[in-house]
Amino acid sequence: MDSSHRRLSAQSQPSPYDDSYLEHGEASQAGPSRLQPGAQLTLMRYLQDLPDADIPVSDVPPRYHTGRLPNSKAGDGKPRLLLMGQRRSGKSSISSVVFHKLPPSETLYLETTTRIKKESMHSFMDFQVWDFPGHLDYFDPAFDVDNIFEEIGALIWVIDAQDEYLEAIMRLNTTILNLQHSYPNINVEVFVHKVDGLSEDYKGDTFRDIIQRVQDELSDHGYENAPVSFYQTSIYDHSIFEAFSKVIQKLIPQLPTLEALLNSLCSTCHIEKAYLFDIMSKIYIATDTSPTDIGSYEICSDYIDVVIDVSEIYGWDRPDDNDEKDDTSHSEIIEIGNNDAESLITMERKGNNYLYLREINKYLALICLMGDDSPAEKKAVIDYNVGVFQAALKQVFPRAERDVPLPEE
Amino acid sequence: MNTGKRQKQRKVLLMGKSGAGKSSMRSIVFSNYVAKDVRRLGATIDVEHSNIKFMGNLMLNLWDCGGQDGFVENYLTHQRNHVFGSVAVLIFVFDIESREFQADVVSYSNIIRALEECSPGAKVFCLIHKMDLVQARLRVQLFEERAEYIRTASEGFRDAVEFFPTSIWDQSLYKAWTQIIYFLIPNASVIENLLQQLAEIIDARELILYERTTCLMVTHVTRGKESENPFTDRFERISSILKTHKQSMSKHTGIPAGSANFAEMQIKTGRFMFFITRLTENTNLAASIPPSEQIFNAARVNILLVRPKFAELDIASKPRPGIQQAFAHSAQSERDREAGSEEDRERVGRGKGKEAVGMGGGGGFEG
Ligand SMILES: Nc1nc2c(ncn2[C@@H]2O[C@H](COP(=O)(O)OP(=O)(O)OP(=O)(O)O)[C@@H](O)[C@H]2O)c(=O)[nH]1
Ligand SMILES: Nc1nc2c(ncn2[C@@H]2O[C@H](COP(=O)(O)OP(=O)(O)OP(=O)(O)O)[C@@H](O)[C@H]2O)c(=O)[nH]1
Ligand SMILES: [Mg+2]
Ligand SMILES: [Mg+2]
């Protein structure tokens, strides 16, 4: 599955760093999962990808989806997100909730991670998530540092904000300092996690305190302006998804183009806020550049849930039904791939279109929060402009198309 | 189903020991709380009453009875007739985590005896609650053990009592409450008949009628291949999805959750089309139809036309013809004529209703 993982040090005893200890992403981790085999249609492909999260065979070289790989050697081209931090800080919970849709309350039953757990995600871009055991010394000589960090996209350091965090900070800083020389461009993303249990005041204080301590200590060691970002997260609300969105956006080279496209869509159609979502993970990979607040993200993310859930319920693989006259003509439409799912919500107290969703390609959906001045009769205008947007996106992410990738231009 | 005397108000007792989760589930199902808000609830003092109007002439009169020993003692003695008289349904909530399960069952027996004495015709539902606290693989077994044990303590209700595992953290709560509501709806078959005809006229695969505030399903009709839909839990799932979404919309728009209703929701995919629209004052209709714009548009128009027919079920006024008159092209069915006249008989003497109610909300439609 992952041939790039090699062990440098020959050891007779199995160590946690052995290949044999690596678990590769399995769907079984997903708990009572929504994964149903055999569903193949618009908006349903998220169901298929988890079990076989390998790169699909394609003779087109992966030109666009490699992400920024500052230290890339000739590898498999998948940026890695490494989840590190103290034991029980919540690493596995984060990975299960974000990528396997495990209900947050079910994370109570997760067992401690004893070996590195690798998950391959293939979506609009391929990436891997490596969930580390908390007790590992990441710089143990037995540890194949180069192999771990060479393809890294981001190092996500998880700190339990409800617990003592001094040791966590110490280890984080050691890690940053160790990486500083060989991998100076690694994005270090600190998740101040489990903030759901804290009062507003305490939450803010803790957050500031952690930032202060990390920065102070790094500059004591002569490392100023380290590329470290901080987020407050919890698996019990949308914050973990928002944080992941921001982490992943940094790895998308096409981000400025996407933002420009979204901006122009918003201004032509009086859209208040537009998000480009990865349907499977509900991470947004871009939004227009108007100010974002978590509320807009939340409502769009909740909306995707509704559409996906309903699609799952009624999009089941029904046996050929001759009573339904347009059934055959319909499957053709799916094959030629121009029947993208769409959805619209109008609110009783707000006469206008309120939420609009359109499937953009196999992986992405556009969700728009309509402004008060975007009246219903403009739906045709919106449809048209979204079509234009969709065509433009095809050029940016050719890989994400359902059909065979375009030949080289 | 309910052949007994018809009451406009149906009294429902919600009982169980203090902390079992009665008010929590009530707040979630009926008052738009989200699960994580219930920690704020204090213990219930005496009885809290609420009234909820459903489709048809069903008015739920819910008694949330504080479960502290002193109150229970009082219900069983001084207020015995007041509390246990004319009860349609008793919902008894057991906390799966309780350390004193035996004592809980003893208390349950006392209540069951009082119920049997004052309302022998009542129906009993037992909810084994907080199932989320049990590991998934142990849930079924533990639930069944408890249910069997409680059944033996159910006296005269022994054979009829129904058990549900529930948790405020998942759709199981909706599954249980949907069954309870269905039991209480006096004219379910009439509504189903009307829906069935509507489904045929608009060529729907499935229609789900649900109450707008609680998102609890009133009833549904399923046609053709849709009955093979592998998601047999889809009704409670849809309740739960819509409820969650309602809260999300409310939070974002600032409209109170009670009125954060959509005028319409539509989803169109290559495999199906789906929309939700208002049907009557208190209900919405969700329709799953084949993926065709034609069917979709015709269905929306036909539902608009049929609204008044359903509104009459909400507020009975006068004898009315069957649904067919709204549709030039539909065939009269024998079954329906019967259903219609049975319904008419029920309505006799109810007085003139406000016919317009339930039809006023058409403004949200476009096109
Ligand atoms: N309150 C709260 N608890 C959380 C959150 N995220 C995780 N937890 C809990 O934290 C505990 C530990 O989570 P894990 O994900 O197993 O921690 P880990 O970092 O993978 O631990 P190791 O594998 O031992 O290194 C679990 O009981 C989770 O339910 C959160 O956002 N809020
Ligand atoms: N884990 C879990 N906790 C629950 C559930 N339902 C309720 N609770 C918790 O149980 C506690 C007590 O809930 P209440 O609803 O106030 O209990 P009650 O039965 O109304 O108690 P009295 O009013 O004193 O009779 C609350 O703190 C809830 O958080 C559930 O499904 N799962
Ligand atoms: Mg772990
Ligand atoms: Mg209470």
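The legends below describe close-up views of a predicted model. Local features need pLDDT of at least 70 and side-chain atom pairs count only at pLDDT 80 or more, while totals for chains, interfaces and linings use all residues.

**View 1. Magnesium site in chain B.** The magnesium ion (ligand 4) has S23(B), through OG, and T44(B), through OG1, as its protein donors, lying 1.9 Å from the ion. Donors are N, O and S atoms within 2.8 Å of the metal (3.2 Å for Na, K and Ca); water is not among the atoms, so sites may look incomplete. Helices (H or I, at least four residues) and strands (E, at least two) are DSSP runs, numbered from the N terminus. Buried means under 20% relative accessible area, exposed over 50%, and partly exposed in between (1.4 Å probe, protein chains only).

**View 2. Helix α1 of chain B.** Nine of the ten residues of α1(B) are buried, so the helix is largely enclosed by the rest of the structure. Among the buried residues are K22(B), R26(B), I28(B) and F30(B). N32(B) follows α1(B) and has a positive phi, near 60 degrees.

**View 3. Magnesium site in chain A.** S92(A) (OG) and T113(A) (OG1) coordinate the magnesium ion (ligand 3) at 1.9 Å. S92(A) belongs to helix α2 (residues 91-100) of chain A, whereas T113(A) lies in the loop between α2 and β3 (117-122), 21 residues apart. S92(A) is buried at a relative accessible area of 14%, and T113(A) counts as buried at 12%.

**View 4. Largest nonpolar core.** This core has 93 residues, of which L81(A), F244(A), L276(A) and L366(A) touch the most other members. Helix α8 (residues 294-314) of chain A gives the largest share, eleven residues. A nonpolar core is a set of buried Ala, Val, Leu, Ile, Met, Phe, Trp, Tyr and Cys residues joined through side-chain atoms within 4.5 Å. Not counting residues up to four places away in sequence, L366(A) touches residues including L262(A), Y275(A), V386(A) and F389(A); contact means heavy atoms within 4.5 Å.

Residues are numbered from 1 along each chain as its sequence is written, chains are lettered from A and ligands numbered from 1 in the order written, and side-chain values use heavy atoms, with hydrogens and water left out.
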